[in-house]
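Here is a short briefing on one structure.

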Amino acid sequence: MNQFNPMKLLQIKASWEQFKARHPKFPSFLSAVSKGAVTEGTLLEMTVTTAEGKTFSSNLKLTAEDMKLINDMQEMFSAQQGN
């Protein structure tokens, strides 16, 4: 099993701060969605359009197991921010 690398977490945190500076509306979107929109049965859709114009789309319906993972991740990130 891989060991947790705290230096990598710090690097990712710095990269996230830079990402937020480049795309200031995206964190607001994530915040709004996380306040009740992501529940069991929610349909998530994503479309990616490459620089060449090629499009990829997919969707998924969240299950109870998915929500467990999402909740666990939210708890982990909240704990990290508290430190």
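The points below go from the pocket to the side-chain contacts.

This is a predicted model, where local features need pLDDT of at least 70, side-chain atom pairs count only at pLDDT 80 or more, and totals for chains, interfaces and linings use all residues. Residues are numbered from 1 along each chain as its sequence is written, and side-chain values use heavy atoms, with hydrogens and water left out.

**Largest pocket**

- The largest pocket holds about 1,500 Å³ of space.
- Its lining counts 36 residues, and Trp16, Leu30, Met73, Gln74 and Phe77 are the closest to the centre.
- A pocket here is an open set of points on a 1 Å grid over the protein atoms alone, where a 1.4 Å probe fits, with protein on both sides within 12 Å along at least five of seven lines; lining residues have an atom within 4 Å of a point.
- Grid points are joined across faces, edges and corners, and the volume is the space filled by probe spheres set on them.
- Helices H1 (6–22), H2 (25–34) and H3 (64–82) and strands E1 (43–49) and E2 (55–61) each supply at least two lining residues.
- Helices (H or I, at least four residues) and strands (E, at least two) are DSSP runs, numbered from the N terminus.
- H3 gives the most to this lining, with 10 residues.
- By class, the lining has 20 nonpolar, 11 polar and 5 charged residues.
- Nonpolar covers Ala, Val, Leu, Ile, Met, Phe, Trp, Tyr, Cys and Pro; charged covers Asp, Glu, Lys and Arg; the others, Gly among them, are polar.

**Salt bridges**

- The count is 2 salt bridges, each a side-chain nitrogen of Lys or Arg within 4 Å of a carboxyl oxygen of Asp or Glu.
- Glu17 and Lys20 form a salt bridge at 3.3 Å, N to O; both lie in H1, 3 residues apart, about one turn of the helix.
- Glu17 is partly exposed at 39% relative accessibility, and Lys20 is partly exposed at 29%.
- Partly exposed lies between buried (under 20% relative accessible area) and exposed (over 50%), with a 1.4 Å probe and protein chains only.
- Lys68 and Asp72 form a salt bridge, with the closest N and O atoms 2.9 Å apart; both lie in H3, 4 residues apart.

**Aromatic pairs**

- The structure holds 3 aromatic pairs.
- Trp16 and Phe19 form a stacked pair, 5.4 Å centre to centre with 15° between the planes.
- Rings of Phe, Tyr and Trp (its six-membered ring) pair if their centres lie within 6.5 Å; planes under 30 degrees apart count as stacked, over 60 as edge-to-face and the rest as tilted.
- Trp16, Phe19, Phe26 and Phe29 form one aromatic cluster.
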